[in-house]
Every structure is written in structure tokens, then in C-alpha cells.
Amino acid sequence: MFQTQLNDQLATAQAKAVETAKHLAQVAVESAKELAEINQAAAKDALVVAQDASAQLLAIKDAQQLAKLAQPEAAQEAAKYAAAYQAKVSKVVRNSNKEVAQVVDASIDDARDDLVKFVKEATKTAPAGSEAFVSAFKTAFETSLQQFDQVRASATDAFANFEKSFDTAFANMQGQYAVAKPAAKSRKAA
């Protein structure tokens, strides 16, 4: 009887793991699709901008027209475009990260609940005279359940650190655009 319960619970746990893996794969595919769409739109926009810039360069007839094209507003427009692109990518990454965090959190809860249920069932059918062993086992089991909280905390920290790293990387990129603006203004002043 105990072996049958164990086999059934293992089969259930495996089925849940497969469903979780499928869900995470779907999240990854959807995120990749969204990022591909964002990148495709960005590439199209960049092509249009490049074609427009080429047309403007070909239309230049004197140095004054060239000076008009080299205004800081063009750099600011590029920085705005980059910031908008960054915001779209950031939204996709954050939503994916949030979804994965929720799945991991739910999986931890499910695994904990399944294990508690299994132990309750297993100790209910313990033979007479094993009360001391069952009591010691339950004490050790309760202590081991704290590991689930540690796993949850570690997962939460990992997701938070990922977002911090992501934010830092994008802040550095924005900092590079911000550095380009004053340089363009100083050329105008000169």
C-alpha cells in the first residue's frame, strides 16, 4: 500500500513538473516573440531613418545645409528613440521575470504541500510501536520544511538581482546617451 501511494505521488509530482516546464517554455517563447517583434520594428524604423538621412545627405549643396543636419536635436531624437526601445524591451523582460517568479513560487508551494500530504499519509499507517520513530521523523521533517522558505528566499533574491542588473545595464546605456547630448551642445556653442 505504501509503495503504491509513493508511486502515485511521484507520478503526480512528475506530471506537475512537466506542466510547469511547459508553462515556462511558453513564457520563454512568448517573450522571445515579443522581443523579435520589437527588434523587427526597430530595424524597420532604423532603415527608414537611414534612408531619410541618406536622402538628406545627397541633397546637400553647401556647407550651411550640412551644418543644419549636424544639430544636437538629431542626437536628442536618437536618444529618445533608444529610450523608447529600451522601455519596450524592459517591459517584456520584467513581465517574463514576474511570470517566471510566480511559477517558481507556486511550484515551491505545490512541492511543499505534496510533501506534507505524503508524510501525513505515510505516518498515519505507521505500525504500532513506532510512535517514537514517527515523532522524531515528524520533528526532523518540520525542520526540513524550513528549506522551502530558504529556497523561496533564494529565488526571490535571484529575481531581484536579475532586475537590478537589468536596470543597471539600461541606466548605463542611458548614461551614454546623456553624455552625448552635452557634447553636441558644446559644439553648438563653439
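In which helix is the place of Ser-90? Ser-90 sits in helix α3. Helices here are DSSP runs of H or I with at least four residues, strands are runs of E with at least two, and both are numbered from the N terminus. The model is predicted, so local features need pLDDT of at least 70 and side-chain atom pairs count only at pLDDT 80 or more, while totals for chains, interfaces and linings use all residues. Residues are numbered from 1 along each chain as its sequence is written, and side-chain values use heavy atoms, with hydrogens and water left out.

Stay with Ser-90. Its relative accessible area is 13%, so Ser-90 is buried. The cut-offs are these: buried means under 20% relative accessible area, exposed means over 50%, and partly exposed lies in between, with a 1.4 Å probe and protein chains only. What does Ser-90 touch, leaving aside its neighbours within four places in sequence? Ser-90 is in contact with Phe-166 and Phe-170. Contact means heavy atoms within 4.5 Å.

Now move to helix α1, which covers residues 2–58. Leu-24 is found there. Leu-24 has a relative accessible area of 29%, so it is partly exposed. Beyond its neighbours within four places in sequence, Leu-24 is in contact with Val-100 and Val-103. Leu-24 and Val-103 are 79 residues apart along the chain, yet their C-alpha atoms are separated by 7.7 Å.

Charged side chains come next. A salt bridge is a side-chain nitrogen of Lys or Arg within 4 Å of a carboxyl oxygen of Asp or Glu. How many salt bridges does this rule give? The count comes to seven. One of them joins Asp-114 and Lys-16, at 2.9 Å from N to O. Asp-114 is partly exposed at 27% relative accessible area. Lys-16 is partly exposed too, at 32%.

Other bridges stay within one helix. Lys-22 forms a salt bridge with Glu-19, and their closest N and O atoms are 3.7 Å apart. Both are in helix α1, three residues apart, so about one helical turn separates them. Lys-22 counts as exposed at 52% relative accessibility, whereas Glu-19 is partly exposed at 47%. In helix α3, Glu-121 and Lys-124 are also three residues apart, so they too are separated by about one helical turn. Their side chains meet in a salt bridge of 3.4 Å, N to O. Glu-121 is partly exposed at 27%, and Lys-124 is exposed at 63%. Finally, Arg-94, Glu-163 and Asp-167 are linked in a network of salt bridges.

What about empty space? Rolling a probe the size of a water molecule over the atoms shows where empty space is left. The second largest pocket is lined by 10 residues. Gln-9, Leu-10, Asp-114, Leu-115 and Phe-118 lie nearest its centre. Helices α1 and α3 (72–124) are the elements that give two or more residues to this lining. A pocket is an open set of points on a 1 Å grid over the protein atoms alone, where a 1.4 Å probe fits, with protein on both sides within 12 Å along at least five of seven lines; lining residues have an atom within 4 Å of a point.
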